[in-house]
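Here is a short briefing for someone meeting this structure for the first time. Please look over the sequence and the model, then read on by topic.

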Amino acid sequence: MNGLYALKPWYAARLGGVRALLVAHDVRPWVVTAAGVAFAAAAGAVLATLTPGPVAALAVALLLAARLACANLDGGVARESGRATRFGSVVNELGDRVAELAVLAGCLALAPPALVATAALAATLPSWVALAGAAAGARRPQGGPMGKTERCVLLVVFAFTGWAGWLVLLAAASALTALVRLARVHNELEAPR
C-alpha cells in the first residue's frame with residue numbers, strides 16, 4: 001500500500017538534470033528545502049485568496065508540484081554535493097512539516113478553523129509515526145492510503161471545488177495512514193528474533 005509514493009524513483013530520475021544543475025551551481029540543500037516551504041506557502045495563499053475553480057486548482061497544482069520537487073531534490077542535492085548531515089535531515093523534516101501546515105493554513109478561508117486544525121494535525125501524524133519508528137530502530141515506513149503526494153492531490157481538488165468535505169477525507173485517510181504505518185513499525189520491532 002505505497003500509493004503514489006511508489007512513483008518516487010521514477011520522479012527522482014526525471015529530476016536528475018535539475019539536481020545536477022543545483023549541485024553544479026553550489027546550491028545548498030537548505031535553500032531547496034526553504035524553496036519548497038515557499039511554494040507551499042504560495043499554494044496556501046492561492047487557496048486563501050482565489051475563488052475555488054479551475055484557475056485556483058491549476059495554480060495550487062503547479063505550486064504543489066514545485067513543492068514536491070523540492071522535497072525530492074533537497075536530499076539528493078545534499079547527498080550528491082557531499083553535504084548530507086544528520087542535522088540536514090532534521091531541517092528537511094521540519095521543512096516538510098512547515099510546508100504541510102503552510103498550505104493547509106490557506107484552507108482557513110474556505111473551511112471552519114476546527115476542521116482545518118484537525119486536517120493539519122492528522123496530516124502530520126503519518127510522518128511523526130514514521131520518525132518515531134525510525135528513532136526506535138525500525139525502517140522508516142512510507143506510503144499509505146494518504147501520503148504527502150495524495151494530500152497534495154486532494155488539496156488541488158479542494159482548490160477546484162472549495163468543498164470542505166475533502167478536508168474531512170484528508171484528515172480521516174491521514175489518520176488511517178498513521179495507523180497503517182504504526183502497524184508496520186510494530187510488526188518490525190516486535191517480530192520474533
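**Arg19 and its surroundings**

Leaving aside residues up to four places away in sequence, Arg19 touches Ala12, Asn72, Leu73, Gly76, Val77 and Glu80. Arg19 sits in helix α2, residues 16-24. Keep in mind that this is a predicted model.

- Is Arg19 buried or exposed? Its relative accessibility is 13%, so Arg19 counts as buried. The cut-off for buried is under 20%.

**Helix α3**

- Helix α3 covers residues 29-49. It has 21 residues.
- From first C-alpha to last, α3 reaches 30 Å, close to the 30 Å expected at 1.5 Å a residue.
- The buried residues of α3 are Pro29, Val32, Thr33, Gly36, Val37, Ala40, Ala43, Gly44, Val46 and Leu47.
- The cover over these buried residues includes α2, α4, α5 and α7.

**Helix α5**

- Helix α5 runs over residues 86-105. It has 20 residues and reaches 29 Å between its first and last C-alpha, close to the expected 28 Å.
- Buried in α5 are Asn92, Glu93, Gly95, Asp96, Arg97, Ala99, Glu100, Val103 and Leu104.
- These buried residues pack against α3, α4 (54-80), α6, α7 and α8.

**Where α3 meets α5**

- How are α3 and α5 oriented to each other? Their axes come within 7 Å and cross at roughly 10°. Angles under 35 degrees count as roughly parallel. The two helices are therefore roughly parallel to each other.
- On the α3 side, the contact involves Trp30, Thr33, Gly36, Val37, Ala40, Ala41, Ala43, Gly44 and Leu47. On the α5 side, it involves Val91, Asn92, Gly95, Val98, Ala99, Ala102 and Val103.
- The residues of this contact divide into eleven nonpolar, five polar and no charged.

**Helix α8 and what follows**

- Helix α8 spans residues 165-189 and has 25 residues. At 1.5 Å a residue it should span 36 Å; its end C-alpha atoms are 36 Å apart, which agrees.
- In α8, the buried residues are Gly165, Leu167, Leu170, Ala171, Ala173, Ser174, Thr177, Ala178, Val180, Arg181 and Val185.
- They pack against α5, α6 (113-135) and α7 (148-161).
- Glu190 lies in the segment after α8. Its relative accessibility is 56%, so Glu190 counts as exposed. The cut-off for exposed is over 50%.
- The C-alpha atoms of Glu190 and Ala48 are separated by 45 Å. Along the chain these residues are 142 residues apart.

**Cysteines**

- How many disulfides are there? The count comes to zero. A disulfide would need two cysteine sulfur atoms within 2.5 Å.
- Cys70 is in no disulfide. The nearest cysteine sulfur to it belongs to Cys152 and is 12 Å away.
- Cys70 counts as buried because its relative accessibility is 9%.
- Cys107 has 0% relative accessibility, so Cys107 counts as buried.

Key: Residues are numbered from 1 along each chain as its sequence is written. This is a predicted model: local features need pLDDT of at least 70, side-chain atom pairs count only at pLDDT 80 or more; totals for chains, interfaces and linings use all residues. Side-chain values use heavy atoms; hydrogens and water are left out. Helices (H or I, at least four residues) and strands (E, at least two) are DSSP runs, numbered from the N terminus. The expected span of a helix is 1.5 Å times one less than its number of residues. Buried means under 20% relative accessible area, exposed over 50%, partly exposed in between (1.4 Å probe, protein chains only). Contact means heavy atoms within 4.5 Å. Axes are lines fitted to C-alpha atoms, for helices over the stretch in contact, and angles run from 0 to 180 degrees between N-to-C directions. Angles under 35 degrees count as roughly parallel, over 145 as roughly antiparallel, 65 to 115 as roughly perpendicular and the rest as oblique. Ala, Val, Leu, Ile, Met, Phe, Trp, Tyr, Cys and Pro count as nonpolar, Asp, Glu, Lys and Arg as charged, and the others, Gly among them, as polar.
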